[in-house]
Amino acid sequence: MSDRQTAAKHPVSGLLTGPYGHPFHPILVTVPIGTWVASFVFDIGSRAAPDASYLVRSSVWLIVIGIVAALAAASIGLLDFFTIPAGTPAFRTGLIHLVLNVAITAAYAGNALWRRSEDDQVAIGPIVLSAVSLIALSVSGYLGGKLAFRYGVRVAEEHDQAEGFESRS
């Protein structure tokens, strides 16, 4: 294993990003993913249910909660990104992942502002923007998975992982 690869497995700060082998970023990203998927479901529901103003308001709240959580996840992810050596395929993948997530978060911020005047149901435009954002989020999630599962960024080294496969008879 090269020194460049080993560097990407160890955190900038275990206190801020999670200790070796237990990064915080994958845990934190579940909140924006969940809230944004739920907001999309509420958007669809607002188009189908009568007097669905509660769904419209709830969807906006979910989007805002997702934005706040995305900013928290991004701050930790950025520290993890700094451990990846520049000029590597892992760095390029991380950069695309980062840029996509910034664009997605900005799209959701714009989407929340777009909805300020909606009362009874979410208009088609914001729903389409949410759908496109979720597709982009899926692509970004795939790239994040590639960083962890293919390139091993912030994943324990193989000799540490091997202890989980030893018999204790």
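Me: Where is the place of leucine 129 in this chain?

Reply: Leucine 129 sits in helix α7. Keep in mind that this is a predicted model.

Me: Is leucine 129 buried, partly exposed or exposed?

Reply: Start from the cut-offs: buried means under 20% relative accessible area, and exposed means over 50%. Leucine 129 has 25% relative accessibility, so it counts as partly exposed.

Me: Which residues does leucine 129 touch, leaving out those up to four places away in sequence?

Reply: Leucine 129 touches Ala107, Asn111 and Trp114. Take alanine 107 as a case. Leucine 129 and alanine 107 are 22 residues apart in sequence. In space they are 7.5 Å apart, C-alpha to C-alpha.

Me: How far does α7 reach, and which of its residues are buried?

Reply: α7 has 27 residues. From first C-alpha to last it reaches 38 Å, close to the 39 Å expected at 1.5 Å a residue. Now the general idea for reading its faces. An α-helix has 3.6 residues a turn, so residues three or four places apart point the same way. In α7, the buried residues are Pro126, Ile127, Ser130, Ser133, Leu134, Leu137, Ser140, Leu143 and Leu147.

Me: Which helices do the buried residues of α7 pack against?

Reply: They pack against α4 and α6.

Me: How do I read the pairing of α4 with α7?

Reply: Look at the angle between the axes. Over 145 degrees counts as roughly antiparallel. The axes of α4 and α7 cross at roughly 150° and come within 10 Å. The two helices are therefore roughly antiparallel to each other. α4 passes α7 in a left-handed crossing.

Me: Which residues make that contact of α4 and α7?

Reply: From α4 come Ile33, Trp36, Val37, Phe40, Asp43, Ile44 and Arg47. From α7 come Ile124, Ile127, Ser130, Ala131, Leu134 and Leu137. By class, the contact of α4 with α7 has ten nonpolar, one polar and two charged residues.

Me: At what angle do α4 and α5 pack?

Reply: Helix α4 covers residues 30-48, and helix α5 covers residues 53-81. They pack at about 165°, with axes 8 Å apart. That makes α4 roughly antiparallel to α5. α4 passes α5 in a left-handed crossing.

Me: Which residues of α4 and α5 meet?

Reply: On the α4 side, they include Trp36, Phe42 and Asp43. On the α5 side, they include Leu55, Leu62 and Ile67. The residues of the contact of α4 with α5 divide into 13 nonpolar, seven polar and one charged.

Me: What stands out about the phi of aspartate 51?

Reply: First the general idea. Most residues other than glycine have a negative phi. Aspartate 51 has a positive phi of about 45° although it is not a glycine. Its place is in the loop between α4 and α5. At 61% relative accessibility, aspartate 51 counts as exposed.

Me: What phi does glycine 152 take?

Reply: Glycine 152 takes a positive phi of about 75°. This residue comes just after α7.

Me: How do α5 and α6 pack?

Reply: Read the angle again. α5 and α6 pack at about 160°, with their axes 10 Å apart. That makes α5 roughly antiparallel to α6. Their crossing is left-handed. The contact includes Ile63, Leu71 and Phe81 of α5, along with Phe91, Leu98 and Tyr108 of α6. The residues of the contact of α5 with α6 divide into 13 nonpolar, two polar and no charged.

Me: How far does α6 reach, and what do its buried residues pack against?

Reply: Helix α6 spans residues 89-114, which is 26 residues. It reaches 37 Å from first C-alpha to last, close to the 38 Å expected at 1.5 Å a residue. Its buried residues include His97, Ile104, Ala107 and Asn111. The buried residues of α6 pack against α3, α4, α5 and α7.

Me: What share of the chain do buried residues make up?

Reply: Buried residues make up 35% of the 169 residues.

Me: What share of the contacts joins residues at least 24 apart?

Reply: Consider contacts between residues at least 6 apart in sequence. Of these, 74% join residues at least 24 apart.

Conventions: Residues are numbered from 1 along each chain as its sequence is written. This is a predicted model: local features need pLDDT of at least 70, side-chain atom pairs count only at pLDDT 80 or more; totals for chains, interfaces and linings use all residues. Side-chain values use heavy atoms; hydrogens and water are left out. Axes are lines fitted to C-alpha atoms, for helices over the stretch in contact, and angles run from 0 to 180 degrees between N-to-C directions. Helices (H or I, at least four residues) and strands (E, at least two) are DSSP runs, numbered from the N terminus. Angles under 35 degrees count as roughly parallel, over 145 as roughly antiparallel, 65 to 115 as roughly perpendicular and the rest as oblique. A crossing is left-handed if the near helix is turned anticlockwise from the far one by less than a right angle, and right-handed if clockwise. Contact means heavy atoms within 4.5 Å. Ala, Val, Leu, Ile, Met, Phe, Trp, Tyr, Cys and Pro count as nonpolar, Asp, Glu, Lys and Arg as charged, and the others, Gly among them, as polar. The expected span of a helix is 1.5 Å times one less than its number of residues. Buried means under 20% relative accessible area, exposed over 50%, partly exposed in between (1.4 Å probe, protein chains only).
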